[in-house]
Structures are given as C-alpha cells and as structure tokens.
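This report describes a protein structure for a reader new to the subject. Please look over the sequence and the structure before reading on.

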Amino acid sequence: MKEIRTAGTKEFIYSMLWAVFLLFIGRGIINSLPDYKVAGTIAVLISFCVLGFFVMTRYSSRFTYEDTGYSLRINRSIGKRNKEIEFRYEDILYMNPDKPANMPKPRWNMRASVFSHRKCTYIVFGYRGNEQTLIFEPTQKFITSLNQSIKKSKKK
C-alpha cells in the first residue's frame with residue numbers, strides 16, 4: 001500500500017498566522033526598545049528564518065509512505081531533493097501513537113504538521129544499542145494495513 005501526504009490549506013493558514021504573530025511581536029519589541037532597534041530587527045529576522053525552515057521542511061514537502069510487504073519505506077521530497085528511510089518489519093521494536101518514554105536518536109521526523117502531535121505514530125526500530133525513532137502521520141487505513149503486514153511478517 002502506498003500513501004502520499006502533502007500539506008493542505010489548513011497548514012498554509014497556520015503558517016500565515018504564525019508569520020503575522022511573529023511580525024506583531026517583532027514590531028512590539030522594536031517599538032518598545034528604541035535603543036535596541038538593530039538587535040530587535042536581527043531577532044525578528046532570525047525568527048522568520050526559523051519559521052521559513054519549518055514551512056519549507058514540513059509544509060512544502062511531499063511525504064510518501066509505502067508498505068512493501070516486508071519493509072516500510074518513507075520518502076520526503078522537497079523539490080528535487082529526497083530524503084528516504086527504509087527498514088524491515090523485523091527491526092521494529094516499538095510502534096504506537098503514544099510518544100515513547102525515552103526516544104532514541106537519531107529521530108526521523110517525516111510529518112507535515114509542526115505543532116500538533118495528535119495524528120503522529122512513533123516507531124522505534126533497529127537493534128538493541130542502535131535504535132532510531134521515526135515520527136510520521138499516516139492515515140488510519142494505512143496503519144491498519146501496516147499492522148497486518150507486520151503480523152504476517154513476524155509469523156514467517
């Protein structure tokens with residue numbers, strides 16, 4: 001099963017609201033501290049760069065979740081740049097929508113939303129001593145299919 005997820009209108013509106021919020025906060029800082037206008041301007045520019053990073057890496061990305069039958073392949077493409085991760089079902093140590101108590105690093109953040117963690121699924125995979133965490137947002141249909149594939153794979 002293959003699923004393609006992109007950010008929609010809701011995420012675009014959130015990013016615009018955050019930009020307006022940062023603009024008002026920045027103007028307030030600059031106008032309230034007339035002696036530190038340069039520092040306030042630099043702080044506003046840095047905050048817009050951070051917001052731009054999140055918008056570019058999450059909202060403008062196209063995520064492809066693919067269940068191959070024996071492995072899970074997740075691809076994030078921004079323009080012509082791709083970041084892909086693939087692992088076998090046998091390597092999965094933890095899979096749950098609840099955040100694990102201690103998430104091992106590195107963390108692969110393959111989700112479109114920035115602030116909401118309600119639809120996230122956490123997968124810890126690898127072998128003991130070399131675990132990695134995957135955070136992604138599949139649909140319920142994809143999770144059901146993935147659970148069935150994992151059960152079939154673990155039986156063999």
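Is Glu-86 buried, partly exposed or exposed? Glu-86 is partly exposed, with a relative accessible area of 39%; buried means under 20% relative accessible area, exposed over 50%, and partly exposed in between, with a 1.4 Å probe and protein chains only.

## Basis of the report

The model is predicted: local features need pLDDT of at least 70 and side-chain atom pairs count only at pLDDT 80 or more, while totals for chains, interfaces and linings use all residues. Residues are numbered from 1 along each chain as its sequence is written, and side-chain values use heavy atoms, with hydrogens and water left out.

Four strands form an open sheet in the order 1-2-3-4, with antiparallel pairing. Its edge strands are strand 1 (2–6) and strand 4 (81–88), each of which pairs on one side only. From one strand to the next, the twist averages 15 degrees. Helices (H or I, at least four residues) and strands (E, at least two) are DSSP runs, numbered from the N terminus. Two strands pair if DSSP finds at least two bridges between them, and angles run from 0 to 180 degrees between N-to-C directions of axes, which are lines fitted to C-alpha atoms, for helices over the stretch in contact.

Strand 2 (residues 62–67) and strand 3 (residues 71–78) pair in the antiparallel sense over 6 bridges. Within strand 3, Arg-73 is the bridge partner of Glu-66.

## Salt bridges around Arg-73

The whole structure contains 6 salt bridges, a salt bridge being a side-chain nitrogen of Lys or Arg within 4 Å of a carboxyl oxygen of Asp or Glu. Arg-73 forms one with Glu-86, where the closest N and O atoms are 3.1 Å apart. This pair links distant parts of the chain, with Arg-73 in strand 3 and Glu-86 in strand 4, 13 residues apart.

Arg-73 also forms a salt bridge with Glu-84, and here the closest N and O atoms are 4.0 Å apart. Because Arg-73 lies in strand 3 and Glu-84 in strand 4, the pair ties together parts that are 11 residues apart in sequence. Arg-73 counts as partly exposed at 22% relative accessibility, and Glu-84 counts as partly exposed at 46%. Glu-66, Arg-73, Glu-84 and Glu-86 are linked in a network of salt bridges.

## A buried charge without a salt bridge

Asp-67 belongs to strand 2. Asp-67 is buried yet has no salt bridge, and the nearest side chain of opposite charge, Lys-152, is 8.5 Å away. In this count Lys and Arg are positive and Asp and Glu negative, whereas His and the chain ends are not counted. Leaving aside neighbours within four places in sequence, Asp-67 is in contact (heavy atoms within 4.5 Å) with residues including Met-1, Tyr-89 and Phe-142.

## The nonpolar core

A nonpolar core is a set of buried Ala, Val, Leu, Ile, Met, Phe, Trp, Tyr and Cys residues joined through side-chain atoms within 4.5 Å. The largest such core has 17 residues, and those with the most contacts inside it are Leu-72, Ile-74, Phe-87, Ile-123, Leu-134 and Phe-136. At least two residues of this core come from each of strand 2, strand 3, strand 4, strand 7 (121–127), strand 8 (130–136) and helix 3 (140–155). Helix 3 supplies the largest share, 3 residues.

Leaving aside neighbours within four places in sequence, Phe-136 is in contact with several residues, among them Leu-72, Ile-74, Ile-123, Phe-142 and Leu-146.
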